[in-house]
Protein chains: 4
Amino acid sequence: MSKKRVKRQLIIDAAIEVFSRNGFQNSTISEIAQKANVAEGTIYQYFTNKEDLFFSIPIDKTKQFYKELELHLQGIHGAMNKIRKFVWYYLYHLQENPEYARALMLEMRVNRNFANTRAFGAYRPLTQKILEIIEEGQGEGVIRKDINIYMIRHLILGLLEHILTRWLLKGEKGDLLAQYKEAVELLSQGIRLPEKGG
Amino acid sequence: MSKKRVKRQLIIDAAIEVFSRNGFQNSTISEIAQKANVAEGTIYQYFTNKEDLFFSIPIDKTKQFYKELELHLQGIHGAMNKIRKFVWYYLYHLQENPEYARALMLEMRVNRNFANTRAFGAYRPLTQKILEIIEEGQGEGVIRKDINIYMIRHLILGLLEHILTRWLLKGEKGDLLAQYKEAVELLSQGIRLPEKGG
Amino acid sequence: MSKKRVKRQLIIDAAIEVFSRNGFQNSTISEIAQKANVAEGTIYQYFTNKEDLFFSIPIDKTKQFYKELELHLQGIHGAMNKIRKFVWYYLYHLQENPEYARALMLEMRVNRNFANTRAFGAYRPLTQKILEIIEEGQGEGVIRKDINIYMIRHLILGLLEHILTRWLLKGEKGDLLAQYKEAVELLSQGIRLPEKGG
Amino acid sequence: MSKKRVKRQLIIDAAIEVFSRNGFQNSTISEIAQKANVAEGTIYQYFTNKEDLFFSIPIDKTKQFYKELELHLQGIHGAMNKIRKFVWYYLYHLQENPEYARALMLEMRVNRNFANTRAFGAYRPLTQKILEIIEEGQGEGVIRKDINIYMIRHLILGLLEHILTRWLLKGEKGDLLAQYKEAVELLSQGIRLPEKGG
DNA sequence: AATGAATGAGAATTCATTCAT
DNA sequence: AATGAATGAATTCTCATTCAT
């Protein structure tokens, strides 16, 4: 990684910590600069403004998440198994990065400008992936076809985000993954193609 | 309604509009006061500070929502029917009050202090009601008992919030209620007690 | 005392307490009104404004102080004895009314407008009295005549105010009157007509 | 002096002028900034808040006063001579800096927080010095030992502060130093060890 | 490229005073 | 005479951003 690259990452790491602790509005460039051990002015060499820095976080993070997700999905057959894996990895990854999780869930996801940012674009491949898996499942005949695939995705992401948000607001107590099995079970039944005569 | 009561409501209505348009941080007391046709100082006669005003919104609104929900549930038998009604009314109500919906979904629900506010308390009866219906369904033998009732609630609320949030971020285009049937269908199958031999 | 008179006094008493605790600027009409069990508006029926209320305090208090001082001086002969009594009574009176003492020493005495207020006028008889005693002492041949009587008064009041101010700023700990004897002794020697050949 | 140092002093000088004219409460940061030719925000780069700026004044000034006092006392023998010099210099210095004198006498000295500020600490060496001189005088046998040295200091400072306060409240008319001789004469006799048989 | 001093617009909150009831 | 709701001016402090060094 080039020297510039390193310093950029340094700033982003500091930003994640600060933004996730205080939220976007209550975080200051000054504090981020201090955490990153650079001068305030330096941050403006790497990012246009505060919001740009803010939305640069999920871009990097989402790319990384997506790449690792792909690895985890390697060798897994069957849409249902893939969904299971996705659910597990989603909870696992964000439990391991609670600060980022907070920034993502409580700040970015509800930001009015989110849909217009590069960040949103970086998110795309991920949501696209889910759709693909759903369609794969429909092809396999294990996922019901009478329901809009977007609605099915809403169900999956809605459940995960809801669990996560609760966990964050309650102070990150307890093990997120402990809820994994029930969540998967519930989702599976919900979206599964009912067996004939069922 | 007493005169004080009226003016208080006037301020809250203005606050809903302003907060929902700009978010908490970007809204100013000055603008709310103008909208409410009162002096800035007057707002502080009714509310301790900006945050207090902010969190006073869902208290009133949630109480009203809950009361009307109860009416809608009158005469409905069967947990599944009640859930169907709840889903419908939830979407209907927030579609009718998009400004409040935005304030609720994008601001309050993710506010770090939300869990410590009176507002959170006002929310209680509503979430409690859902649990009751779920348990009722388990008693009737139509909702699976092997899954934690909280997880079931996560599924329901998660889906609704996700649909709603998308709708809001996309600019409130289209008819929310159009998604009602599929949502209910998906939820129903997910939480339903699988028929024997199914 | 007429009913109006009573209520007026009620307000003044509340004002003394509040002003002396918080100082002029940090005291609010609202708090005084509450303490006095009247509405804020009522205060403006009795006093022109906040400053008027403020300066009404020493007027009453000084008159009372002066009247009682006169009583204490009754039957005392000799300027030195009178000065001794004055010093004692000054410290005694303000130790007994520490709240008023604080308002007087830390607020009024240094107020830029003090010299232009009715309050200042009420103070007059008292400072005048001291001058008289000093002149009486000079007539008796016990107080030096080569020093301006105003300077002599400065010495007396300066010492008393300094002792008092220290005591107030230090939290009113200890017995003010314990310092009475030394203070008098020091003052006496300072202003006394040196004996011939001394 | 470094550039930062210079600007800091610029702000303090402006603050002295403004505070002394209007008092603490009636002075605004805005006016001070204007006088100092800096932006309001700049003041907060140098001082924590308004009060911090306020109490920074006497720190600098008192140190300077003390240093110059020491120079003036050089080569002077005898406690009485030193006290004479102290009285003279005290009046001289504050007559020359009437704005600072006003801030000191009418604002700081009676501020409830004064005793808890750094400013109070800076005052220490000065009051300590007086005590030393008094003890020196007692050692020389020219100052009475039967009186608490603190009371003796009260007498000296009380007289000076009283003279000064009057002068300030009366609009700084006349020559303060004109009163110097009588003040010293009065003090000297007051604290002097009475000659035997006197 | 990095710095960090300087900026100044911006906003919440307070509170003396008024006046309709 | 008493009330207390309403007013709105006034002020401190914050902080993203700029720019000279």
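How many nonpolar, polar and charged residues does the surface near DNA strand F have? The first legend answers this. The model is predicted: local features need pLDDT of at least 70, side-chain atom pairs count only at pLDDT 80 or more, and totals for chains, interfaces and linings use all residues. Residues are numbered from 1 along each chain as its sequence is written, while chains are lettered from A and ligands numbered from 1 in the order in which they are written.

**View 1. The surface near DNA strand F.** By class, this surface has eight nonpolar, 14 polar and eight charged residues. Ala, Val, Leu, Ile, Met, Phe, Trp, Tyr, Cys and Pro count as nonpolar; Asp, Glu, Lys and Arg count as charged; the others, Gly among them, count as polar. A residue is near the strand if its C-beta atom, placed from the backbone, lies within 6 Å of it. Of the 30 residues around DNA strand F, A:Asn49, B:Gly41, C:Ala39, C:Gly41 and D:Gly41 come nearest. Two or more residues each come from H2 (29-36) and H3 (40-46) of chain A, H3 (40-46) of chain B, H3 (40-46) of chain C, and H2 (29-36) and H3 (40-46) of chain D. Helices are DSSP runs (H or I, at least four residues), numbered from the N terminus.

**View 2. Chain C against chain D.** Chain C gives 34 residues to the contact and chain D gives 33. Two residues are in contact if their C-beta atoms, placed from the backbone, lie within 7 Å. On the chain C side, helices H1 (3-26), H8 (149-169) and H9 (180-191) give two or more residues. H8(C) supplies the largest share, 12 residues. This side has 17 nonpolar, 11 polar and six charged residues.

**View 3. Helices H5 and H7 of chain D.** H5 (residues 79-96) and H7 (residues 118-140) pack at an angle of about 150°, with axes 8 Å apart. Axes are lines fitted to C-alpha atoms over the stretch in contact, and angles run from 0 to 180 degrees between N-to-C directions. H5(D) and H7(D) are therefore roughly antiparallel (angles over 145 degrees). Among the contact residues are D:Ile83 and D:Phe86 of H5(D), with D:Ile130 and D:Ile133 of H7(D). The contact has seven nonpolar, one polar and three charged residues.

**View 4. The two domains of chain A.** Chain A is divided into domain 1 (1-47) and domain 2 (55-191), with bounds from an automatic or database domain assignment. Their C-alpha centres lie 27 Å apart. Nine residues of domain 1 are in contact with nine residues of domain 2. The domain 1 side has six nonpolar, two polar and one charged residues.

Notes
Angles under 35 degrees count as roughly parallel, over 145 as roughly antiparallel, 65 to 115 as roughly perpendicular and the rest as oblique.
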